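Work through these exercises with the model in view. Try each task before you read its solution.

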Amino acid sequence: MVRYQLAEGELRFAELIWEREPLPSGELCRLCEEAFQWKKSTTYTVLKKLCSRGFFKNEQAVVTSLISRKEYQSIQSEQFVEEAFNGSLPRFVTAFMERRKLSDKQIEELKALIDGYKEGS
């Protein structure tokens with residue numbers, strides 16, 4: 001399994017892109033200077049690294065994502081359940097619910113989600 005993991009600073013950088021894409025690379029540099037006090041070279045170094053890892057692309061000075069925020073969150077969730085619970089979603093849910101009770105509304109929302117994602121539906 002390919003690991004799609006972003007360090008804390010990389011994730012903040014990615015969030016900045018996801019919120020504004022498509023984003024001209026010059027504008028990205030300006031935003032990174034404001035948000036992180038990064039120099040232009042730092043922004044391009046991080047961008048190049050994340051492009052080479054398949055997160056983003058920078059074509060004709062416009063930055064767009066190859067993996068959306070939602071896709072990244074899904075991948076992270078899958079990796080967490082796989083590593084921490086041997087891929088068992090029921091074990092994850094059980095561990096989560098051991099420390100807190102679900103409201104009737106949450107239970108109904110979960111039932112609807114499960115019904116919507118049944119195999120063969």
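**Exercise 1. Find which helix gives the most to the lining of the second largest pocket.**

Solution. Helix 4 gives the most, with 4 residues. Helices (H or I, at least four residues) and strands (E, at least two) are DSSP runs, numbered from the N terminus. The model is predicted: local features need pLDDT of at least 70, side-chain atom pairs count only at pLDDT 80 or more, and totals for chains, interfaces and linings use all residues. Residues are numbered from 1 along each chain as its sequence is written, and side-chain values use heavy atoms, with hydrogens and water left out.

Next, list the lining. Ser-77, Glu-78, Val-81, Glu-82, Gly-87 and Leu-89 line this second largest pocket. A pocket is an open set of points on a 1 Å grid over the protein atoms alone, where a 1.4 Å probe fits, with protein on both sides within 12 Å along at least five of seven lines; lining residues have an atom within 4 Å of a point.

Then sort by class. The lining has 2 nonpolar, 2 polar and 2 charged residues. Ala, Val, Leu, Ile, Met, Phe, Trp, Tyr, Cys and Pro count as nonpolar, Asp, Glu, Lys and Arg as charged, and the others, Gly among them, as polar.

Last, take the volume. It is about 150 Å³, the space filled by probe spheres set on the points, which are joined across faces, edges and corners.

**Exercise 2. Describe the largest pocket by volume, lining and class.**

Solution. Start with the volume: about 550 Å³. Of the 16 lining residues, Leu-89, Val-93, Leu-110, Leu-113 and Ile-114 are the closest to the centre. Now look at the helices. Helix 5 (89-97) and helix 6 (104-116) each supply at least two lining residues. By class, the lining has 12 nonpolar, 1 polar and 3 charged residues.

**Exercise 3. State how helix 4 and helix 5 are set against each other.**

Solution. Two packed helices are described by the angle between their axes and the distance between the axes. Here the axes come within 9 Å and cross at roughly 85 degrees. Helix 4 and helix 5 therefore count as roughly perpendicular (65 to 115 degrees). Axes are lines fitted to C-alpha atoms, for helices over the stretch in contact, and angles run from 0 to 180 degrees between N-to-C directions.

Now name the partners. Phe-80, Val-81 and Phe-85 in helix 4 meet Leu-89, Arg-91, Phe-92 and Ala-95 in helix 5. Contact means heavy atoms within 4.5 Å. This contact has 6 nonpolar, no polar and 1 charged residues.

**Exercise 4. Decide whether Asn-86 is buried or exposed.**

Solution. Locate Asn-86 in the loop between helix 4 and helix 5. Its phi is positive, about 55 degrees, although Asn-86 is not a glycine. Its relative accessible area is 65%, so Asn-86 is exposed. Buried means under 20%, exposed over 50%, partly exposed in between (1.4 Å probe, protein chains only).

Terms used
Parallel < 35°, antiparallel > 145°, perpendicular 65-115°, else oblique.
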